[in-house]
Every structure is written in structure tokens, then in C-alpha cells.
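Dear colleague,

Please find below the structure that I am handing over to you. My notes on it follow directly after.

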Amino acid sequence: MFQVSDEFFTSLGLIPMPDEFWKESLIEKPDNRQVVCHASAWDFCNGKDFRIKQCTRVTATDLVIVHHEMGHIQYDLLYKDQPYFYREGANPGFHEAVGDTLALSVITPKHLKEIGLLDESIPIDDYETSINFLFSMALNKIAFLPFSYLIDKYRWDIYDGTVDESQYNTHWWRLRKEYQGIKPPNARSEANFDAGAKYHVPANVEYLRYFVSTIIQFQFHRSLCIEAGQYDPLDPKKPLHNCDIYRSKAAGSKLAAGLSMGSSKPWPEVMRVITGQEKMDAYAIREYFKPLEKWLTATNEEMGEIPGWK
Ligand SMILES: [Zn+2]
């Protein structure tokens with residue numbers, strides 16, 4: 001799985017994982033000791049030691065996580081010659097978006113077929129496959145947006161005193177209902193602290209980066225797909241969700257040009273290098289999911305469903 005990911009990065013002309021990476025990374029759960037299994041990527045800041053720690057399982061989900069973590073390392077490698085102070089993402093969301101951007105190509109049915117992970121006989125170009133694929137992607141990416149937004153909203157509400165200690169769990173479920181439209185499966189009380197079940201809360205990792213990443217990875221994807229000649233907004237035969245930038249050196253060098261700047265320039269300038277414009281914007285994620293949005297609008301109308309909640 002790590003070699004498949006490394007091969008995708010290098011097919012774009014990006015930097016291969018160095019020897020130290022293969023020697024020192026922990027990519028399987030050890031059976032002789034306890035480790036923190038939450039996947040992470042590490043830059044040892046000496047220009048050659050970069051590692052991933054992941055208790056990898058052989059699943060499609062983990063294949064995407066492998067690309068996600070390797071995206072962090074690729075970013076570290078690209079800005080390793082910047083002064084120490086600039087060896088960071090243009091903003092934290094950029095760091096989270098690199099591997100996910102590539103993974104948007106990797107998990108297309110077309111690419112999975114190409115690397116032998118999807119049966120040859122399965123049709124991939126028909127409308128039904130597209131809608132099923134987009135639905136599964138939407139459960140990942142769209143359903144994640146309100147969650148990734150509310151984690152830090154929750155913490156800010158606590159730290160600025162909006163919410164009292166006696167309301168910690170109540171407020172958590174208030175936000176979960178308001179933004180995600182979900183309720184707990186059984187009764188909760190202030191004897192519980194459900195937010196603490198999310199790794200990033202006790203580990204004190206800021207979370208808005210994942211919200212930002214989910215928006216901008218589609219902007220990156222769109223721009224790199226145009227660069228690779230794999231997406232044309234005017235050609236219905238080349239929809240954005242089918243694009244695979246595999247082996248496009250042009251796409252790779254565009255991405256590298258932006259990422260190698262590290263944090264030496266304000267993020268809008270890096271955004272301009274990668275996408276041609278300076279704003280974080282939901283146009284690309286909307287464009288990606290357009291066929292599903294149309295299908296949902298028509299189907300909800302047909303079924304008399306009223307989307308949303310109070
Ligand atoms: Zn990450």
C-alpha cells in the first residue's frame with residue numbers, strides 16, 4: 001500500500017520517499033508493545049529523516065489514509081530547504097489537503113481498475129456507477145463538513161466562556177444536532193464527555209484544518225486535472241469526479257511549485273500558484289458533486305422528501 005502510494009507520487013514527478021522513511025517508519029501494529037495507533041506523519045527536521053506511524057489495515061479506507069499521511073511527508077520533503085521557520089504548510093489546511101488531493105484520483109473506479117484493485121468486468125463509465133461513486137464520496141466529504149466545523153466551534157465556545165462547565169456534554173450534542181442533524185442513540189448526560197472520544201480533542205489538535213482541507217483539496221484537484229488534460233468544464237465526457245492525474249508531470253510540477261514555498265509566502269499566494277486564484281472557495285467541491293446534486297434534487301422531489309431538520 002505504501003509502495004502503491006509512493007509510485008503515484010513519483011508518477012507525477014514528485015519526490016520518492018527516502019531510505020530512512022522505509023527503514024524507520026512504523027507501518028504495522030507491533031504485537032510486542034502498545035502504541036498510539038492514530039496515524040501520523042513526522043518531519044525530524046534534519047532534511048533526511050521523515051517517518052509515518054500507522055497501524056495499517058489492508059482496506060480501501062486505509063489506502064486513502066496512507067496517501068493522506070504520505071502527502072504530509074511529500075510536503076515536508078518539498079520545503080525541506082526552506083529556512084526552519086518556513087517549513088510549514090501555507091496554512092494548516094494545506095498540509096491536510098496534499099495526500100487527499102491525490103487520493104481523489106487514486107480512488108476513481110478508473111484508476112482502481114488500472115492498478116488491478118477493481119475487477120476488469122465491472123462497468124465504470126455508466127451513469128449508475130457515477131451516482132453510486134459520488135454518493136459514497138459525499139458520505140465521506142460532504143457529511144464530514146459540518147462535523148469538521150463544529151469540533152473547533154465547540155472548543156472555542158468553551159474557551160471563551162460561552163459555555164459553562166456544567167454544560168460540556170449538552171453543548172456537544174446541541175452542536176451535533178444543529179450542524180449535523182444527528183442525535184445520540186441513547187440518553188446522554190453531564191456524566192458523559194462524548195467529545196473526548198474524538199482523538200483530536202484529548203490530543204489537543206486544532207480541527208478546522210480538516211474543514212479547510214476538504215474545501216481546498218477539490219480546488220487543487222480541479223486545477224491539477226485541467227493541467228493534466230483530464231478535466232474540461234465544457235466536455236460532459238470528462239467530468240471532474242472521473243479525473244485521474246496519474247503520470248501527469250505537468251500536474252505534479254504545478255503542485256510542487258506551490259508546496260515547495262512552505263509558509264514563506266501568505267497562503268493566498270500559494271493558492272494562486274496551484275489554482276490560479278487566491279480564495280478558498282466551494283465552487284470546485286460543488287462542481288465535483290454536481291451530478292449527485294442534480295440526482296438528489298430530482299429524487300427528493302419525486303419521493304416527496306423534504307431535506308433538512310429543525
Ligand atoms: Zn493529516
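There are 14 salt bridges in this predicted model, a salt bridge being a side-chain nitrogen of Lys or Arg within 4 Å of a carboxyl oxygen of Asp or Glu. The model is predicted, and therefore local features need pLDDT of at least 70 and side-chain atom pairs count only at pLDDT 80 or more, while totals for chains, interfaces and linings use all residues. Residues are numbered from 1 along each chain as its sequence is written, and side-chain values use heavy atoms, with hydrogens and water left out.

R188 and D194 form a salt bridge with an N to O distance of 2.6 Å. R188 is partly exposed at 33% relative accessibility, whereas D194 is buried at 16% (buried means under 20% relative accessible area, exposed over 50%, and partly exposed in between, with a 1.4 Å probe and protein chains only). R51 and D49 are joined at 2.9 Å, N to O; here R51 is partly exposed at 24% and D49 is buried at 12%. In the salt bridge of D81 with K80, the closest N and O atoms are 3.6 Å apart. D81 is exposed, with a relative accessible area of 71%, and K80 is partly exposed at 30%.

Helix α7 (residues 144–159) and helix α9 (residues 208–227) pack with their axes 8 Å apart, at an angle of about 150° (axes are lines fitted to C-alpha atoms over the stretch in contact, and angles run from 0 to 180 degrees between N-to-C directions). The two helices α7 and α9 are therefore roughly antiparallel, the term for angles over 145 degrees. Helix α1 (residues 2–11) and helix α3 (residues 60–78) have axes that come within 10 Å and cross at roughly 50°.

Finally, P92 lies in helix α4 (residues 92–106) and is partly exposed at 42% relative accessibility. The C-alpha atoms of P92 and S213 are separated by 8.3 Å, although the two residues are 121 residues apart along the chain.

Yours sincerely

Definitions and conventions. Helix = DSSP H or I, 4+ residues; strand = E, 2+ residues; numbered from the N terminus. Parallel < 35°, antiparallel > 145°, perpendicular 65-115°, else oblique.
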